[in-house]
Amino acid sequence: MTADTAAESLARLAAERVDHRFKGLPPDADGLTVGELAAQRRNLFTGGFATPVLALSAERLEHNLKLMETYAVRHGLAFAPHGKTSMAPQLFQRQIEHGAWGITLAVPHQVRVARAFGTRRVFLANELVDPAALRWVSAELDADPDFRFVCYVDSVRGVELMDAALSGSVRPVDVVVELAAGEGARTGVRTEAECAAVADAVAGSRTLRLVGVAGYEGEVPKADSERVTAWLRRLVALAAGFDEAGRFEGLDEIVVSAGGSAWFDAVAEVFAEIPELSRPVLKLLRSGAYVSHDDGHYRKLTPFNRVPEEGALEPAFRLWTQVVSRPSAEQAFVNAGKRDAAYDLDLPFAQAIRRDGAERPATGVSVTGLSDQHAWLSTTPEADLEVGDWVGLGLSHPCTSFDKWQLIPVVAADGTVVDYVRTFF
């Protein structure tokens, strides 16, 4: 796909019609295109938007994009942010514009979405043995010489299945051996000897090319700085050992990849120690949650808490809800629940109350539970909350926030909706 075609695909999102498919949008906008609605620059609070409605801060989004771009450059890292967080091609494009090497993804459907919108480099942080998906990837590679695709392998059997499915391919599929984060962790090869056996299988295949090693330090059992650093050094040593054994002959570069959203400082530190190898090393970081950050899980875990001199991410999501019931002085209910808010890691956090155009902190208000379409609020005596008030909720875990909303307003600090982000889950 050419750059022009990719731009046209993204532009077509603005031509999509607004209708009942999209939660929270103004009912009187039905029939407008997304582009026409964006051009109206409606205000989120006075422009007819219906609660619940998820808003993405324009300023905080841009801040987070710039911060991670700067961080990656400062530490000599290539950056392939994990696209499963947002599954929003518009955000993929903005990440690439902010210096990303490409986009990390997890399953074949996500790769198809990225390719439909022109993503040229994809790192699939997962094993791939499905024949239909492999044949599709192979066809994409054969049709587009500019497409770069890399995926995990972690077993001889997996290599055999891939090789069989890819029979007849013109271009080889690039693979990295995934090193497991430890016993009982997720996918990946458990021992260095087994890693060598998998690499030998790749070398003996007709359709695969070994280009490096990778893994996910977030799965290290009882993860702390010492354990994560030790595992990352194992990963680096595996790459060096493979190189010394001549496994990377004929490559332009060697891929060494790790990095979720909780330990990228450790990745930066250890990857800075990678010795000189026979080829240049693509030090590929894959953190994804940064794009919106959050008010819970990642706010507590972000490495910027450990290195505040490097900056700070800002939570960019706020779910606006409305009080629909106030049955007692100690309880209230708003009209958003499990269908609207992430709840797999933490419940939402009551942050702000709006009434008659004025906004104030949600003092004395907390979320204690979620039903499908209601949040249960506990209110203390100092809480000033009435039926009809808007309550802004902070969310925890971006990956399970984006996936509940197909079209998300991007809102400037003054409440003006300046754009809409389309997701594809």
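The structure is a predicted model. Helix 3 and helix 4 pack against each other at an angle of about 45°, strand 11 pairs with strand 15 in the antiparallel sense, and a cis peptide bond joins T51 and P52.

**Packing of helix 3 and helix 4**

- Two packed helices are described by the angle between their axes and the distance between the axes.
- Helix 3, which spans residues 58–74, packs on helix 4, residues 89–97, at an angle of about 45° and with the axes 9 Å apart, and the two helices are therefore oblique to each other.
- The crossing in which helix 3 passes helix 4 is right-handed, and by class the contact between these helices has 3 nonpolar, 1 polar and 2 charged residues.
- On the side of helix 3 the contact is made by L61, E62 and L65, which meet L91, R94 and Q95 in helix 4.

**Strand pairing around strand 11**

- Strand 10 and strand 11 (residues 331–334) run antiparallel and are joined by 3 bridges, forming a hairpin with 2 residues between the strands.

**Backbone features in loops**

- Most residues other than glycine have a negative phi, and most peptide bonds are trans.
- The peptide bond between T51 and P52 is cis, with omega at about -5°, and P52 lies in the loop between helix 2 (34–39) and strand 1 (53–57).
- M87, a residue other than glycine, has a positive phi near 45°; M87 belongs to the loop between strand 2 (78–79) and helix 4, and counts as buried because its relative accessible area of 0% is under 20%.
- H293 likewise is not a glycine and has a positive phi, about 55°; H293 is placed in the loop between strand 9 (281–285) and helix 11 and is buried at 3% relative accessibility.

**The surroundings of T302**

- T302 sits in the loop between helix 11 (297–301) and strand 10 (317–328), and is buried, with a relative accessible area of 5%.
- Leaving aside residues up to four places away in sequence, T302 touches S261, F264, H293 and L313, so that H293, the residue with a positive phi of about 55°, is one of its contacts.

Terms used
Residues are numbered from 1 along each chain as its sequence is written. This is a predicted model: local features need pLDDT of at least 70, side-chain atom pairs count only at pLDDT 80 or more; totals for chains, interfaces and linings use all residues. Side-chain values use heavy atoms; hydrogens and water are left out. Helices (H or I, at least four residues) and strands (E, at least two) are DSSP runs, numbered from the N terminus. Buried means under 20% relative accessible area, exposed over 50%, partly exposed in between (1.4 Å probe, protein chains only). Contact means heavy atoms within 4.5 Å. Axes are lines fitted to C-alpha atoms, for helices over the stretch in contact, and angles run from 0 to 180 degrees between N-to-C directions. Angles under 35 degrees count as roughly parallel, over 145 as roughly antiparallel, 65 to 115 as roughly perpendicular and the rest as oblique. A crossing is left-handed if the near helix is turned anticlockwise from the far one by less than a right angle, and right-handed if clockwise. Ala, Val, Leu, Ile, Met, Phe, Trp, Tyr, Cys and Pro count as nonpolar, Asp, Glu, Lys and Arg as charged, and the others, Gly among them, as polar. Two strands pair if DSSP finds at least two bridges between them.
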